[in-house]
Amino acid sequence: MAEVRQRKGKKEEPLGARIVELGTDDESDTPVPKPTRKPSAKELVDEDEGYSPWVDILRVLSFLVFASCGLSYLVSNGESFTWSLRTPPKYMQLEWWKSQLQGPIYLAPAELAQYDGADETKPIYLAINGTIYDVSSNRRTYGPGGSYRFLAGADAARSYVTGCFAEDRTPDLRGVEAMYLPLDDPTVDSHFSAAELAALKERELKEASEKVYEALLHWVRFFENSPKYPKVGYVKKDKNWLDKEPKKKLCEAAAKARKPRKIPGSEE
């Protein structure tokens with residue numbers, strides 16, 4: 001029988017040798033980085049001498065300009081980017097800071113009258129409900145010849161309610177509620193019993209007093225919240241000043257605005 005001879009294969013190389021050989025081939029293909037050279041002391045000095053601070057200064061100035069524009073926009077409620085405010089807030093006004101540092105002033109009515117705008121070297125003051133405000137920023141309106149000139153130099157609280165600026169330059173509010181009371185009419189009043197008419201008049205007086213209070217409060221809040229007119233002080237009054245004042249009649253314009261009481265059931 002023919003002998004089957006086994007063919008010898010090629011001798012296999014150890015696995016480790018092959019890995020080393022492959023690794024050797026890869027490393028031979030990778031470029032070797034050149035070592036970096038440290039700059040010399042002379043080069044560092046030259047680099048420092050070439051630096052200019054103007055770039056950094058320009059950056060800071062640009063930031064300040066943009067920040068100023070943004071702050072102006074916020075403070076003015078969108079009115080201006082460049083602080084050109086028609087009515088700056090109180091804390092941006094010199095007079096407001098002066099009043100805060102000096103404290104409130106106290107003026108008697110006769111002293112307050114000297115600040116009516118006739119003397120241009122003095123500020124213009126007006127008072128409402130005992131509080132004094134500086135309205136010098138609107139001299140055209142509150143100064144001589146202005147539409148509200150009668151309010152300057154006085155506590156004219158009554159005129160704010162009646163609208164009679166020339167006649168009612170006084171803080172005395174007695175009798176002002178009459179402008180909101182209906183006129184008595186015997187023909188109309190005869191439709192009520194005595195008890196009904198008395199209750200009706202009591203309710204009418206209460207409602208009229210509330211209207212006076214609301215009308216005055218409107219103007220008190222106006223000056224309190226206005227950035228144009230800083231509060232500077234208070235009016236000095238004697239303890240029983242009202243007892244010394246003669247009771248005023250209702251001014252003609254306010255008296256004419258009164259309407260007669262209506263017959264029950266005829267109200268619209």
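User: What makes β2 and β3 a hairpin pair, and which residue between them takes a positive phi?
Analyst: In this predicted model, the hairpin of β2 and β3 has two residues between the strands, and Asn129 takes a positive phi near 55°. Strands are DSSP runs (E, at least two residues), numbered from the N terminus. In β3, Asp134 is the bridge partner of Tyr125.

User: How do you know that both faces of strand β2 are covered?
Analyst: Tyr125 and Ala127 on one side of β2 (residues 125–128), and Leu126 and Ile128 on the other, are all buried. Buried means under 20% relative accessible area, exposed over 50%, and partly exposed in between (1.4 Å probe, protein chains only).

User: Why is Leu61 called partly exposed?
Analyst: Its relative accessible area is 47%, which lies between the limits of 20% and 50%, so Leu61 is partly exposed. Leu61 lies in helix α3 (residues 54–75); helices are DSSP runs of H or I with at least four residues.

User: What share of the chain counts as buried?
Analyst: Of the 268 residues, 28% count as buried.

User: On what basis do these values rest?
Analyst: Residues are numbered from 1 along each chain as its sequence is written, and side-chain values use heavy atoms, leaving out hydrogens and water. Local features need pLDDT of at least 70, side-chain atom pairs count only at pLDDT 80 or more, and totals for chains, interfaces and linings use all residues.

How values were computed. Pairing = 2+ DSSP bridges.
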